[in-house]
Amino acid sequence: MTLPADYSQYPHRREGYDHDLYVWSNMHERAPVSWPKGSVAVWLTVSLEWFPIQPGGPFKAPGHMVTPYPDYRHYTSRDYGNRVGAWRFLDAFEKAGVKASFATNAAIAERYPELVEAVQAGGHEIIAHSTDMNGTIDATLGEDAERALIGDAMTRLKKASGARPAGWLSIARQQSFHTLDILRDEGLTYCCDWVNDELPYRFKTERFGGLINLPLNHELSDRQIITVQQQSADSWAQSMRDAFDWLAAEAAREGGGRMLPIHLTPYIMGLPYRIGALECLLADLAGRDEAWFATGSDIVRIWEAQQ
Amino acid sequence: MREGEADPGLYDYLPYRGRKRFKWPGGKSVAVWVAPNLEYYEIDPPPHPKRKPWPHPAPSVVGYSHRDHSNRVSHWRMAEVMTRHGFPGSVSLSVALCQHHPGVVADANARGWEFFSHGIYNTRYSYDMSEAQERAIIEDSIRTVEDATGQRIRGWLAPALTHTPRTLDLIAEYGLDYTCDLYHDDQVQEVKVANGQLASIPYSLEVNDHYGFFVYNMSGREYAETLVRQFERLADEGAREDGPGGTVMCIPLHAYLIGQPHRIGPFEEALDHIAKDGRAWIAKAGEIVDAWRAGA
C-alpha cells in the first residue's frame, strides 16, 4: 500500500500559522501588562455542569455517563458537585476573600436557581458554558445546529440568571471552525478555549471583531491532574504553588504581569477529603503580595485597557 | 532492516556485562544531552490510513493549541533554563517550523544548538510512504535546515516516531550519522545498515517528558526526581571499573509540557543537580557520536 502523492504536499507551509484564526506572537516580546495589584492574576474558574442521564451531542463530554442506562452512579456523583461541592467552594472563596468565574451550563441556572443566586450574590462572574453537558461542539455538528445551540445556551442562561455573560467556555474546550464567528455574533467578549498562551490575545480582528481568547490552562485543572493523571489533592495544590512561585519570579525578572488560571470542578475538588487542600492553597495565595485574584472579565478589562 | 523477518536485524546482541570500557572526554562517566522537540503540528492534516492525528475532527482545539504553547510561550522559558545551567539543545525539529515560526528556530540556532530532523510536520506519518516520498522528506529536511540555520543535519528522529523498513538505510545513504529511534541500550551502538554506517544514540524515551506526564502521569516534582535518579544510576555505572564505560542519558523534551509553569521550577532543580554533580559530560548529540566513534 502506498500513500497518495498529495500526502507529501504542504499547501499551508508558510510564515505564520496554517489557519486564519489568530496571528503569531511570542509572550516575552509583548508590551508588559500590569495588574491593579501584584504581578500574578489568579483566575479561579469553576465549571457548573449538569449531565443528562442519557448522553448526547457530537461527542461525550469528559465526566459523562459510563455504564449502561440508567447510570445512577455517575449521574448522582456528578450532581453531588452541584448540591454539595459547589457550596463548599462558595464558602471557601468567601473565607479567603476572593472572587471567581463560574462556567455555567444554562440548565444549571434553570434547575438550581439557588446556586446561581449565591454565585451572583458572592460577587462572582457567570461565564456561559453551553446548554448542558450534552451540548458539545465539534465539526460534525454543522453550522446551523451549532448556531442554535450557542444561541439557546445564551438565551436560557440570561433568562434564568438575569445576566448576559461576557465569556464563553466550550465543553472540553472543543470548537468547530464556525464557533468563533458565532461567539462574535452573540456579542461575547471572550472565550477560554485555546490553551496556547498565558495572557489574553485577540483573534484576528478583521474576522472576529475583537473577540478575545483568555486561555484557561487545562494542564492546571483538577480534572487533568486528579482525574486524568490520578494525582492526590495535595500534589495538585503543590503544582499550583510551584506554578505561582514560578510565575511570580518570572514576572519580577521580566517585568510583565502573569496569569495563573485554576480550573476547578465541584464533584472533583469539592469532595470532603480534597476540599481542605483547596482551602489551604487559597489561604496561602491570598496572603501573597504578588497575587491579584480576579474574574475572567476583570482580567480581560484590565488587559484590554492597556492594548 | 530485514523486512518481513521476525527479527528486523537492526543490531547484534551485546551483553551489558563484559563490554570494552571507554571514557567520555575529560574522564566523565555519563554523557548528558538534552533534546527539545521543536515541532509544528498541522491543524487539519491530510488523513493517513494508519494513524489519526487528533482526537476530535479539526480543529481539535486543546491538542492543537496545547502544542502551540511551545511556539508562543514555553520555548523561551525552557531554553532560558537550559542556557542558565549550561545545557545546549540537540533539536528534534519539525523542519516546517523554519517556515511557520522562524523566530523559534533562530533562537535555538543563536544559542548554539544542533538540529536534526523530526520530519516535515509531526502530523505527517511515514508508514506506507514510497521510497520517493521518503527520500523527499530527507532531502527537504537537509535543504530546509541548511537554508534556515547554516547547519547540515546529522541525525534523525522519525516524525511522530513513524518509520518504513527502509528509513535507517536511507538516512545512512544520505550521510546522516545517528538515529534517535532505537531504544535498546544505554550506550551508543552501531546500527546495521545496507551501506555506510549509522550510530544509535540513546534518546531515553522512558524519561521523555511526554512519557513522564502522560504515560506515567507524574507530577512535575516526580518527573524531576526521575531525571535525577536516571542520572545518578547512569553516572554510577559509567564510572564503575567493572562496568561498561561511558553511558548516555538523554532528556527528551517538549516545551509545551516541561515549560508549563508548574513543571519548569522542579525541572530547573534537576538540571542544576546534574550540572553541579561533576560526572556529566554535557554535550550535543553529534559530539557524543563523534567521541564514541573515536573511542569505541
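The questions and answers below go through these topics in turn.

Modeller: This is a predicted model, in which local features need pLDDT of at least 70, side-chain atom pairs count only at pLDDT 80 or more, and totals for chains, interfaces and linings use all residues. Residues are numbered from 1 along each chain as its sequence is written, chains are lettered from A and ligands numbered from 1 in the order in which they are written, and side-chain values use heavy atoms, with hydrogens and water left out.

Colleague: At what angle do helix H8 and helix H10 of chain A pack, and how are they oriented?

Modeller: Two packed helices are described by the angle between their axes and the distance between the axes. Helices (H or I, at least four residues) and strands (E, at least two) are DSSP runs numbered from the N terminus, while axes are lines fitted to C-alpha atoms, for helices over the stretch in contact, with angles from 0 to 180 degrees between N-to-C directions. For H8 (residues 233-254) and H10 (residues 272-286) of chain A, the axes lie 8 Å apart and the angle is about 20°. Since angles under 35 degrees count as roughly parallel, over 145 as roughly antiparallel, 65 to 115 as roughly perpendicular and the rest as oblique, this makes H8(A) and H10(A) roughly parallel.

Colleague: Which classes of residue make up the contact of H8(A) with H10(A)?

Modeller: With contact meaning heavy atoms within 4.5 Å, the residues of H8(A) include A:Trp236, A:Met240 and A:Phe244, and those of H10(A) include A:Leu278, A:Cys280 and A:Leu281. For the classes, Ala, Val, Leu, Ile, Met, Phe, Trp, Tyr, Cys and Pro count as nonpolar, Asp, Glu, Lys and Arg as charged, and the others, Gly among them, as polar. On that basis the contact of H8(A) with H10(A) has 10 nonpolar, no polar and four charged residues.

Colleague: How do H1(A) and H10(A) pack, and which residues of H10(A) meet H1(A)?

Modeller: The axes of H1(A) and H10(A) are 10 Å apart at an angle of about 25°, and the two helices are therefore roughly parallel to each other. From H1(A) come A:Tyr80, A:Arg88, A:Phe89, A:Ala92, A:Phe93 and A:Ala96, and they meet, in H10(A), A:Pro272, A:Ile275, A:Leu278, A:Glu279, A:Leu282 and A:Ala286.

Colleague: In chain B, what is the angle between helix H7 and helix H9?

Modeller: H7 (residues 220-239) and H9 (residues 264-277) of chain B have axes 8 Å apart, and they pack at an angle of about 15°. That makes H7(B) roughly parallel to H9(B). Their contact includes B:Tyr223, B:Leu227 and B:Phe231 of H7(B) together with B:Phe267 and B:Ile274 of H9(B), and by class it has nine nonpolar, two polar and three charged residues. The angle asked for is about 15°.

Colleague: Which peptide bonds are cis?

Modeller: Most residues other than glycine have a negative phi, and most peptide bonds are trans. In chain A, A:Pro70 is placed in the loop between strand E1 (40-48) and helix H1 (72-96), and in chain B, B:Pro59 is in the loop between E1 and H1. The cis bonds run from A:Tyr69 to A:Pro70, with omega near -5°, and from B:Ala58 to B:Pro59, with omega near 0°.

Colleague: What is the phi of A:Arg173, and where does the residue lie?

Modeller: A:Arg173 is in the loop between strand E4 (167-168) and helix H5 (179-185) of chain A. Its phi is positive, in a residue other than glycine, with a value near 60°.

Colleague: Which helix gives the largest share of the lining of the largest cavity?

Modeller: On a 1 Å grid over the protein atoms alone, a cavity is a set of points where a 1.4 Å probe fits but cannot get out, a pocket is an open set with protein on both sides within 12 Å along at least five of seven lines, and lining residues have an atom within 4 Å of a point. Grid points are joined across faces, edges and corners, and a volume is the space filled by probe spheres set on the points. The largest cavity holds about 70 Å³, and its lining includes B:Asn37, B:Arg67, B:His75 and B:Tyr256. Five residues, the largest share, come from H1(B).

Colleague: Which residue of chain A lines the second largest cavity?

Modeller: This cavity has a volume of about 60 Å³. Its lining includes B:Glu39, B:Tyr64 and B:Asn71 and, from chain A, A:Tyr17.

Colleague: Which residues lie nearest the centre of the second largest pocket?

Modeller: The second largest pocket has a volume of about 390 Å³, and its lining divides into 10 nonpolar, seven polar and five charged residues. Of the 22 lining residues, those nearest the centre are A:Met27, A:Arg30, A:Ala31, A:Trp303 and A:Gln307.
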